[in-house]
Amino acid sequence: MLLILSGYLGGDALGDNPYLSVIVIQLLIFVLPALFFCRLRGKDYGRKIRISFFELGTIPFIIIACVSLMLASCAVKFGIYSLLDYTVSSSDIYGYAVEGEISAGDGGAEAVAAIFAFAIFPAVTEELVFRGIMIAEYEECGVIGAALMSSLLFAMLHLEPVLFPVYFVSGLILALSVYVTRSILAPILIHTVNNIFSLFLEDYLWERILQPRNLVVFAFLIVSLTLLAFTLMFGEACRIYRSYGKDGVPSEYVIPKKKRTPTVYAVMTIPFAICLVIFIFAAVI
């Protein structure tokens with residue numbers, strides 16, 4: 001609801017420093033409620049949401065996951081463009097245009113400010129909520145249920161029905177990364193890299209590629225590269241899990257099947273129903 005209300009501020013309300021204004025908006029929407037919730041959950045909640053450093057051995061997985069997320073996003077967006085003739089653009093965050101602001105930064109200061117406000121900070125705040133709190137809370141539905149529910153709510157958050165599949169797939173990759181690395185810092189890093197790619201390179205990619213003579217070649221390349229990246233990513237995840245097994249690393253988050261709450265019950269709760277109504281309302285208006 002705060003996100004929808006912030007959309008009515010308009011560009012003029014952001015003032016002379018839109019980057020600082022957007023950071024304040026993100027603090028109000030994500031950080032303050034998240035910190036309040038964590039406080040209610042108690043002192044040990046930081047461990048439950050995996051606020052810790054990832055192991056050095058997981059860095060190859062993180063690199064491959066970064067590439068997989070960028071390729072998968074492009075592949076799904078290309079499919080949406082082809083089927084719906086939807087104009088692909090990535091020059092805004094939460095409804096605030098940034099393309100003009102970035103291009104104005106010839107000296108580099110604007111670009112640095114844009115990276116922090118529109119790439120790093122959103123990655124930190126969104127991952128704290130969705131791959132931290134949301135996954136931790138939905139783990140009573142099992143690992144798959146937690147990944148699905150957090151990704152579903154993550155996709156709904158962006159209030160873009162047409163791009164819903166893009167955010168849902170992105171959420172699944174980010175959820176996989178937090179389980180493989182056992183650290184929320186991994187999805188934050190992956191999310192940041194993808195945001196930087198979206199800010200500076202993605203629009204250029206669409207402008208150069210989405211020409212009638214290039215469509216078939218691009219479709220073949222993007223699908224092939226995405227499948228290759230996914231194969232490497234899952235292979236690296238299997239390698240890491242094998243090392244966890246050999247080293248006896250515990251998986252406290254795994255709940256026996258008999259004690260799990262069915263995932264379907266999660267979508268039948270009042271909070272989820274409210275989120276769904278808000279998403280539909282935002283999509284309609």
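Here are some friendly questions and answers about how the features of this predicted model get their names.

This is a predicted model, where local features need pLDDT of at least 70 and side-chain atom pairs count only at pLDDT 80 or more, while totals for chains, interfaces and linings use all residues. Residues are numbered from 1 along each chain as its sequence is written, and side-chain values use heavy atoms, with hydrogens and water left out.

Q: Why is Phe 30 called buried?
A: Buried means under 20% relative accessible area, exposed means over 50%, and partly exposed lies in between (1.4 Å probe, protein chains only). Phe 30 has a relative accessible area of 4%, so it is buried. You will find Phe 30 in helix α2.

Q: Why do Cys 141 and Cys 275 fall into the classes they do?
A: Cys 141 has 8% relative accessibility, so it counts as buried. Cys 275 has 34%, and therefore counts as partly exposed.

Q: How do you know how many disulfides there are?
A: A disulfide is a pair of cysteine sulfur atoms within 2.5 Å. By this rule the count comes to 0 disulfides.

Q: What makes the phi of Arg 50 worth a look?
A: Most residues other than glycine have a negative phi. Arg 50 has a positive phi of about 65° although it is not a glycine. Arg 50 sits in the loop between α3 (45–48) and α4 (59–84). With a relative accessible area of 7%, Arg 50 is therefore buried.

Q: What is the phi of Arg 182, and why is this residue called buried?
A: The phi of Arg 182 is near 60°, a positive value in a residue other than glycine. Arg 182 has a relative accessible area of 16%, so it is buried. Its place is the loop between α8 and α9 (185–209).

Q: Is His 158 buried or exposed, and what does it touch?
A: His 158 has 17% relative accessibility, so it counts as buried. Contact means heavy atoms within 4.5 Å. Not counting residues up to four places away in sequence, His 158 touches Glu 126 and Tyr 167. His 158 is in the loop between α7 and α8.

Q: Why is Glu 160 called partly exposed?
A: Its relative accessible area is 24%, so Glu 160 is partly exposed. Glu 160 is found in the loop between α7 and α8 (164–181). From C-alpha to C-alpha, Glu 160 and Ala 282 are 8.6 Å apart in space and 122 residues apart in sequence.

Q: Which residues does Leu 152 touch?
A: Leaving out residues up to four places away in sequence, Leu 152 touches Phe 164, Phe 168 and Phe 272. Leu 152 belongs to helix α7.

Q: How do you know that a space is a pocket, and what lines the largest pocket?
A: On a 1 Å grid over the protein atoms alone, a pocket is an open set of points where a 1.4 Å probe fits, with protein on both sides within 12 Å along at least five of seven lines; lining residues have an atom within 4 Å of a point. The largest pocket is lined by 29 residues, and Val 129, Phe 130, Met 134, Leu 153 and Cys 275 lie nearest its centre. The largest share of the lining, 8 residues, comes from α2.

Q: What makes a lining residue nonpolar, polar or charged?
A: Ala, Val, Leu, Ile, Met, Phe, Trp, Tyr, Cys and Pro count as nonpolar, Asp, Glu, Lys and Arg as charged, and the others, Gly among them, as polar. By class, the lining of the largest pocket has 26 nonpolar, 1 polar and 2 charged residues.

Definitions and conventions:
Helix = DSSP H or I, 4+ residues; strand = E, 2+ residues; numbered from the N terminus.
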